Amino acid sequence: MIKKNTKEENTERVEKSKNPTFQLVRGTKDILPDEQSYFLWIFDQVRAVANSYGFSLIETPIIEKTNLFVRGVGKQTDIVEKEMFSFTDQGNENLTLRPEGTAPVARAYIEHGMVTWPQPVKLWYFGKMLRHERPQAGRLREFHQFGFESLGSDDPMIDAQIIFLSYKIMKQLGLDVSVAINSIGTEECRNQYKKVLVDYFRTKRSELSDEAKKLLTKNPLRILDSKDENLLPIIEQAPQIFDYLSNASREHFLKVMDYLDELDVPVILKPTLVRGLDYYTKTVFEIWSGEEETSRQSALGGGGRYDDLVELLGGRPTPAAGVAVGVERVISLLKEKNITPPSDYQPDIFVAQLGEEAKRKSLLLFEELRSAGIKVAESLSKEGLKSQLEKADKLKVKYAIILGQKEILDGTVMLRDMENGIQEVIDMKKVVVEVKKRLEKQIRVQAEQIKEEKV
Ligand code: HAM
């Protein structure tokens, strides 16, 4: 006999659950069963697209040597300067919890001699990333990214394909997105441009914020990325990198744009887009919800070409391009737009039982139906027929099988059509065949209806 809690005990429990002794670390989340369906849905979509475009799944560890990111992502980036969860382990090794997936993939490419595989090596991933950012809407300390990386080709078609795949996945999820794009050229193009840009911003020094003044010596391109409203008019007037691209970089960019046009991906040219990671060369892009970015939202994803990264990490020169999309940001947007994952587990039939003997038999019947490929639901812990049928109704099953004392004695079951309530008695031995017949018939009728509607 289960003892029921008193009202006071329940109130105490609710209070305790509001303020438990142990709570989540700031910026992290439990992903409860309700939300898992979003993750699984997105994972399945990404996997299907990755498979059809020949990308193979890779998993890299959640910890890496700190230097991988210092070198790869760049010493003067926000990630390395402020956001890494780094620690020294018991063996005095400097380790970091993975803040992004590109540097680890490039490390794996070198470490496993992928340079000898057929090029380009096309990889995808779906995993946790950790960044010590100030938690706010769309900004977590532990979050998930899915990403595509294509290493070993400098063909502009690769840039276009990477953009196309991420755009396509967003579309398949029912999201309207736009792609902001730019080219930041090669290191030589950037060095030349940086000089011109610094000269320009120096003439505006008195109007620059302290943060922008700091960036002027440290990383002047990042001023272009500023969200500071006061700086926007100055940024708008700034010289544009496009005018400083080498012929090869310009040609590359024009080809990417041409392919994207061919693939019907709407892009917005954004000359101030530079991205916050140091490994980018030539194409950079971001995926935004809707027509245009607003200061209220953050990018859903971003990426670009990183032709120097593999070499920088000790490998042979290997041109590459990739993208990563923030899964939690995609889920927030899906929820905002009231888009829910399709239910892939919609039971067809419910097994209800009355009495001890029926309960025992229903376990076996459940298994027989399940083995025959029928999606079954039950509520074996519920006793009353009414509450079981209520659950069957809630689950929107087409049929319920009712097993009572009488049916057990007769070797039969009662099959109830949940739509019209009509019940028929069926031989227990034939129940699987009969249920299958009815479900198949229903599918045929539905298909006919759809056909007629189309005509
Ligand atoms: P990223 O722009 O740093 O690029 O991150 C990509 C996406 O991850 C962002 O657009 C955002 O959706 C999500 N994201 C980043 N930080 C957070 C956060 N704190 N909370 C929630 N979501 C976040 C990269 O990581 C590059 N590795 C992309 C890439 C792949 N480039 C080439 N290949």
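Me: By class, what residues make up the lining of the largest cavity?
Reply: That lining has four charged, three nonpolar and one polar residue. Charged means Asp, Glu, Lys and Arg; nonpolar means Ala, Val, Leu, Ile, Met, Phe, Trp, Tyr, Cys and Pro; the others, Gly among them, are polar. This is a predicted model, where local features need pLDDT of at least 70 and side-chain atom pairs need 80 or more, while totals for chains, interfaces and linings use all residues. Residues are numbered from 1 along each chain as its sequence is written, and side-chain values use heavy atoms, without hydrogens and water.

Me: Which residues line the largest cavity?
Reply: Lys29, Ile31, Lys128, Leu140, Glu142, Phe143, His144 and Glu328. The largest share, three residues, comes from strand 6 (residues 142-151). Strands (E, at least two residues) and helices (H or I, at least four) are DSSP runs, numbered from the N terminus.

Me: How much space lies in the largest cavity?
Reply: About 50 Å³. A search of the whole structure finds one cavity of 30 Å³ or more. On a 1 Å grid over the protein atoms alone, a cavity is a set of points where a 1.4 Å probe fits but cannot get out; a pocket is an open set with protein on both sides within 12 Å along at least five of seven lines, and lining residues have an atom within 4 Å of a point. Points are joined across faces, edges and corners, and a volume is the space filled by probe spheres set on them.

Me: Back to strand 6. Is strand 6 mostly covered or mostly open?
Reply: Mostly covered, with 10 of its 10 residues buried. Buried is under 20% relative accessible area, exposed is over 50%, and partly exposed is in between (1.4 Å probe, protein chains only). Glu142, His144, Phe146, Phe148 and Ser150 point one way from strand 6, while Phe143, Gln145, Gly147, Glu149 and Leu151 point the other way.

Me: How many bridges pair strand 6 with strand 5?
Reply: There are 10 bridges between strand 6 and strand 5 (residues 121-130), in the antiparallel sense. Two strands pair if DSSP finds at least two bridges between them. Val121 stands opposite Leu151 there. Strand 6 also runs antiparallel to strand 11 (residues 320-326), with seven bridges. On that side, Phe148 has Val323 as its bridge partner.

Me: Switching topic: how much space is in the second largest pocket?
Reply: About 540 Å³. Its lining has 26 residues, and Glu187, Arg190, Lys194, Asp278 and Tyr279 lie nearest its centre. Helix 3 (66-72), helix 7 (187-203) and helix 11 (309-312) each give two or more residues to that lining. Helix 7 gives the most, with four. By class, the pocket lining counts 10 nonpolar, nine charged and seven polar residues.

Me: What about residues other than glycine: what is the phi of Asn92?
Reply: Phi of Asn92 is near 65°, a positive value. Asn92 is in the loop between strand 3 (85-88) and strand 4 (94-97). Lys282 also has a positive phi, about 55°, and is placed in strand 9 (residues 281-289).

Me: Are Asn92 and Lys282 buried or exposed?
Reply: Asn92 counts as exposed because its relative accessible area is 64%. Lys282 is at 14%, so it counts as buried.
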